[in-house]
Amino acid sequence: MIGGVKRDHARFRQIIRGKIKQDLKKYIQHSEMFGRKGKDVVSIPMPQIDIPRFRFGSNQGGVGQGEGEAGDPVPGQGNPGDEPGEGQQAGQNAGEHGLEVEFTLEELAEILGEELELPKIEPRGQKTLKSKVDRYTSISAEGPNSLRHFKRTFKEALKRQIASGLYDPDNPMILPIKKDMRYRSWKSDVKHENAAVIIYMMDVSGSMGDEQKEIVRTETFWINTWLKSQYKGVEARYIIHDATAKEVDEETFFRTRESGGTLISSAYKLCESIINADYPPSDWNIYPFHFSDGDNWSTEDTKVCIDLMKNSLLSKVNVFCYGQVDSRYGSGQFYKDLLEVFGPEAEEVILSRIENKDGILQSIKDFLGKGK
Amino acid sequence: MGASGQSTALPPELAKLQEEIRAYAEKSGLDFFETIFEMVPSDTINSLAAQEGFPVRYPHWRFGMNYDQYSKGYEWGLQKIYEMVINTKPAYAYLMSSNSHVDQKTVMAHVYGHVDFFKNNYWFSKTNRKMLDSMANHAVRVRRYMDTHGQDEVENFIDLCLSLDNLIDPHMPFNTAANKTGAKESDPEVEVKAQEVGRLKNDRGYMEKFINPPEFIEAQKKKMASNAKQEQKFPNHPERDVMHFLMENAPIQDWQQDVLRMIREEAYYFLPQMQTKIMNEGWASYWHSEIMTKKALRDNEIIDFADHHAGVMAMQPGKVNPYKVGIELFRDIEDRWNRGRFGKEYEDCTDLKERQHWDKKLGLGRKKIFEVRKVCNDVTFIDQYLTPEFVDRFKLYTYEYNKRTGQHEIVDRNFKNVKERILSGLTNQGQPTISIVDGNFENRGEILLSHKHLGGDLDMKYARETMRSIFIMWTRPVHIETELEGRKRLFTYNQNHEFVAKD
């Protein structure tokens, strides 16, 4: 890429970022449009940005070529990506060309953070995750010629010559021998990072419809994106529940649909046992997220849940998040119950109600806005 | 130029091929500027294409966007830029380093065709052949303004200017009067005389009504008054060059005026290329085909050449490919003038068979196409040389949008209609014809634009945004007269940034 274009390309990226920020709500709601490219890159379709000029409206007639009778449709329509060929119309449909822009998840998290004014998370616990970074800051007596340290080598040679009396100041000729050779070498820095785990729980009973699940899927995408930008290593675990809970993989998490009743405590119990087994709170930042439509089998079970949270979960986790996705069938009682117990200002519990797709942005802000 | 710091000179074997092609081109009668070929990797060619062929441009995001699209298109194997040549003296052309030799030869021959066209076509006769320097110069100036006024402010203003860069006057480069800067200076003596309204000298009072009849004086007065009114009109005549009008009259700062001037200059530079798309590509393709098939091709290259040539010329169903129309029309003209199939005698001949076998063995074809490439642009090219036989042979048809089915549908294959359609599409380079008719509309200092409706309605969404650009520079409301779905309308972009319509 030649210099000027590099600069312009960076500028273009900046403008695209601005556009995404401007319409963040739309992009957040429609993250299913994002194409995944490899592990850390998504491609986002967006309308072409163009310079407005006077131009003819679409649906103009023109001249074509090929077979066909009067009244036959012109072939190749409905494919706005193609130039209409004839010089007269070139560029006319330019506005309909889409752009595909690529972003790394990190950039996406940055945009999200800036726009929603998300605070950086203050990690807790010890830095137990070790990562090694090699830096070429050291010198060694062995190595490949490509890494030869010229100055050090001659210094060594000089030292040796002086020590052995071979050095003549009037005729300073320094000849390094193999022993004098010095090479650049690396040192491994061990960095200690904070580790984090997200435990997603979702109600998959009959009352959670496709729309609700879509909302949950969208939320988890953005929560993952954000938390991954805050912690080096983030693990995710998935629990689904109706009357019983089980751990599943991500795929199954979003696909499963059961018809049974709902016992939320089953999920919380499983969550607790996962934490106890794998994630000692002293070493891990733990984020349980629970999504349901707010229906629980009985007030009895809700009490069990609250007790479980109060007595065990809340002391182990950074913050406990409950997202209630409203559905036509759900009573929404669970949210009210939690709100009654913990209040809106609770430090260790974040409650969010998501009425519909429009509520996703606010809900993400609710969850991540506290910097926990 | 060495854009990436590496040598971009041709390797010896290609330099030798270039000499060979160049000799063929010269021998065929092509007359071109010295042409410097540079060999660059695909990424560089994408960068250059993003900047419209020039290695140095002012900073602007759209070049970055172009690059993004070209490089993705290349990466995904959707498109590949085979050749690029810029109209300067000497001309620069870029060859992609990963291309095969047969491609490079074809591109070289094609490029010599383009450069011959640049040098000899009348519509290019006024272009700035030192544009490489001018572009670099513009870049320096814009960067300096950015340093002083901030990147955002300057870039935003560039966006405004670009949105008006098709509002220029295609005839301006050839209008010597308009090129002379400065308005007509008023001559005080002329003004005194004007009050005399053609009254003849008369010493004898009683003869007055015979020497200077009152009706005549009255008529003269009226004429003067209407002339004076004309003078007061601002601008005097409808002004196509909206950019120039704003440059001279809009309340903008000096640096903004300079930016507007640069963008306008670049727009005029690119104008002839838009006016001669079909001809220019047709001419270059005609010559690469001539040179390659008759001289430069080696036996083992024929298949590859044929494959790539066919790819460039391919007509997709429903679309018209300017390369194809251009080359075939040149070949058709050559054939007609070789056989004498033109003029009154031929036109008047109604015997189909006789017409088909018409051959006067004139051999004027070559001479004729060189003449055509000299004087025509796309409009006159199609107007003069498109024949019913041609339309028939290439199965051209007109189509219209059918509101009911939401599709474009074939209307007919009538020669007159097809030709009219092509021409109306080429008029004003396919852009709407718009001029400023009043810079002091209703005596309120507002701009009135007029769209000359030739069949196509404006896209009002874009019109609104474009008028916003004018509004920001002019700071007063902007109106446009146009026709929408057969009704005359007046649209206004007003002080409150509203866009309102009146019948």
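Predicted model: local features only at pLDDT ≥ 70, side-chain atom pairs only at ≥ 80, totals over all residues.
Residues are numbered from 1 along each chain as its sequence is written, and chains are lettered from A and ligands numbered from 1 in the order in which they are written.

**Domains**

- Chain A is assigned domain 1 (1-51 + 97-117), domain 2 (129-190) and domain 3 (194-368); domain bounds come from an automatic or database domain assignment.
- Between domain 2 of chain A and domain 3 of chain A, the C-alpha centres lie 58 Å apart.
- Chain B has domain 1 (12-121 + 276-295), domain 2 (132-175 + 238-274), domain 3 (314-426) and domain 4 (432-502).
- The centres of domain 3 of chain B and domain 4 of chain B, taken over C-alpha atoms, are separated by 37 Å.

**Where the chains meet**

- On chain A, 44 residues are in contact with 64 residues of chain B, contact meaning C-beta atoms, placed from the backbone, within 7 Å.
- Two or more residues on that side of chain A come from each of α1 (3-22) and β3 (62-65) of chain A; helices (H or I, at least four residues) and strands (E, at least two) are DSSP runs, numbered from the N terminus.
- The biggest share comes from α1(A), which gives nine residues, the most of any element, to the side of chain A that touches chain B.
- By type, the residues on this side of chain A are 17 nonpolar, 18 polar and nine charged (Ala, Val, Leu, Ile, Met, Phe, Trp, Tyr, Cys and Pro count as nonpolar, Asp, Glu, Lys and Arg as charged, and the others, Gly among them, as polar).
- Strand β3(A) runs antiparallel to strand β4 (residues 396-402) of chain B, joined by four bridges; strands pair if DSSP finds at least two bridges between them.
- Within that pairing, A:V63 has B:T398 in β4(B) as its bridge partner.

**A three-strand sheet in chain B**

- The open sheet has the order β1-β3-β2 (chain B), with mixed pairing.
- β1 (35-40) and β2 (83-86) of chain B are at the edges with a single partner strand each, so one side of each has no neighbour in the sheet.
- β1(B) and strand β3 (residues 91-96) of chain B run parallel and are joined by six bridges, with B:F37 opposite B:A93 in β3(B).
- β2(B) and β3(B) are antiparallel over four bridges, and a hairpin connects them through four residues.
- B:M84 faces B:Y94 in β3(B) across this pairing.
- From β2(B), B:E83 and B:V85 point one way and B:M84 and B:I86 the other way, and all are buried (20 or more other C-beta atoms within 10 Å of the residue's own, with C-beta atoms placed from the backbone).

**Cores**

- The largest nonpolar core holds 116 residues, of which B:A109, B:Y112 and B:V259 touch the most other members; such a core is a set of buried Ala, Val, Leu, Ile, Met, Phe, Trp, Tyr and Cys residues joined through C-beta atoms within 7 Å.
- Leaving out residues up to four places away in sequence, B:A109 touches B:I21, B:A25, B:W287, B:H288, B:I291, B:M292 and B:A296.
- Another core lies apart from it, with 69 residues, among them A:L112, A:Y200, A:Y231 and A:Y279.

Conventions. Buried ≥ 20, exposed ≤ 12 C-beta atoms within 10 Å, placed from the backbone. Contact = placed C-beta atoms within 7 Å.
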